[in-house]
Amino acid sequence: MAGYIKIEADRVATTALNTKVNKEVFDKFKVCCKVQGYPLNVMLEVFMQQYASGRFDLDEDEILRWKGDTEEADTLNTTFNKEIYTNFKYKCKGNGYFVKHVVMAFMERYANSDLVLEYREK
């Protein structure tokens, strides 16, 4: 007879992001996440939280270079904590950028450097 463990867990509201991104950068980003041992959505959510709070900065050139990207694309389809994503989205809009371009700029920087984000499990 199989058993189960009952646990009290707080659920947080989530939201999805479904957008086309540069395939080459996305593939490199996925490898970096795997090497560090964190799921891709966790690394993006940590970035979003830090970007929205002003603790992670990207140059305008890094972001706008993705505006006219015509390279091969792949689909980024993942879920995030709704509050974190909403704050991130408003920060992007407030700075005059599209979410997609800010995410691409982060993935490129992350994939091309030894960047490690602060991540603490609660």
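1. Glu 108 counts as buried at 17% relative accessibility, where buried means under 20% relative accessible area, exposed over 50%, and partly exposed in between (1.4 Å probe, protein chains only). Accessible areas come from the Shrake-Rupley method with a 1.4 Å probe, and for residues only the protein chains shown count as cover. Glu 108 forms a salt bridge with Arg 65, with 2.6 Å between the closest N and O atoms. This pair links distant parts of the chain, with Arg 65 in the loop between H3 and strand S2 (73–81) and Glu 108 in helix H5, 43 residues apart. Arg 65 is partly exposed at 47% relative accessibility. A salt bridge here is a side-chain nitrogen of Lys or Arg within 4 Å of a carboxyl oxygen of Asp or Glu.

2. This is a predicted model, in which local features need pLDDT of at least 70 and side-chain atom pairs count only at pLDDT 80 or more, while totals for chains, interfaces and linings use all residues. Residues are numbered from 1 along each chain as its sequence is written, and side-chain values use heavy atoms, with hydrogens and water left out.

3. The protein has five helices and two strands, in the order β-α-α-α-β-α-α from the N terminus on. Helices (H or I, at least four residues) and strands (E, at least two) are DSSP runs, numbered from the N terminus.

4. A salt bridge also joins the side chains of Arg 109 and Glu 62, at 2.7 Å from N to O. Arg 109 lies in helix H5 (residues 99–111) and Glu 62 in helix H3, so the pair ties together parts that are 47 residues apart in sequence. Arg 109 is partly exposed, at 26% relative accessible area, whereas Glu 62 is buried, at 18%.

5. The structure holds six salt bridges. One of them is between Lys 30 and Asp 27, whose side chains meet at 3.5 Å, N to O. Both residues lie in helix H1 (residues 23–36), three residues apart, about one turn of the helix. Lys 30 is partly exposed at 34% relative accessibility, and Asp 27 is partly exposed at 27%.

6. Asp 57, Asp 59, Glu 60 and Asp 61 form a negative surface patch. Patches are made of residues with over 30% relative accessible area and no salt bridge, with like charges joined within 9 Å and nonpolar side chains (Val, Leu, Ile, Met, Phe, Trp, Tyr) within 5 Å. Lys and Arg count as positive and Asp and Glu as negative; His and the chain ends are not counted. The place of a charge is taken as NZ of Lys, CZ of Arg, CG of Asp or CD of Glu. Glu 60 lies in helix H3 (residues 60–64) and is partly exposed, with a relative accessible area of 47%.

7. Phe 47, in helix H2 (residues 40–52), is buried at 0% relative accessibility. Between Phe 47 and Asp 57 the C-alpha to C-alpha distance is 9.9 Å, and the two are 10 residues apart in sequence.

8. For the protein as a whole, 35% of the 122 residues count as buried. The accessible surface comes to about 8,400 Å², and 46% of this belongs to carbon and sulfur atoms. Of the contacts (heavy atoms within 4.5 Å) with a separation of 6 or more, 86% are between residues 24 or more positions apart.
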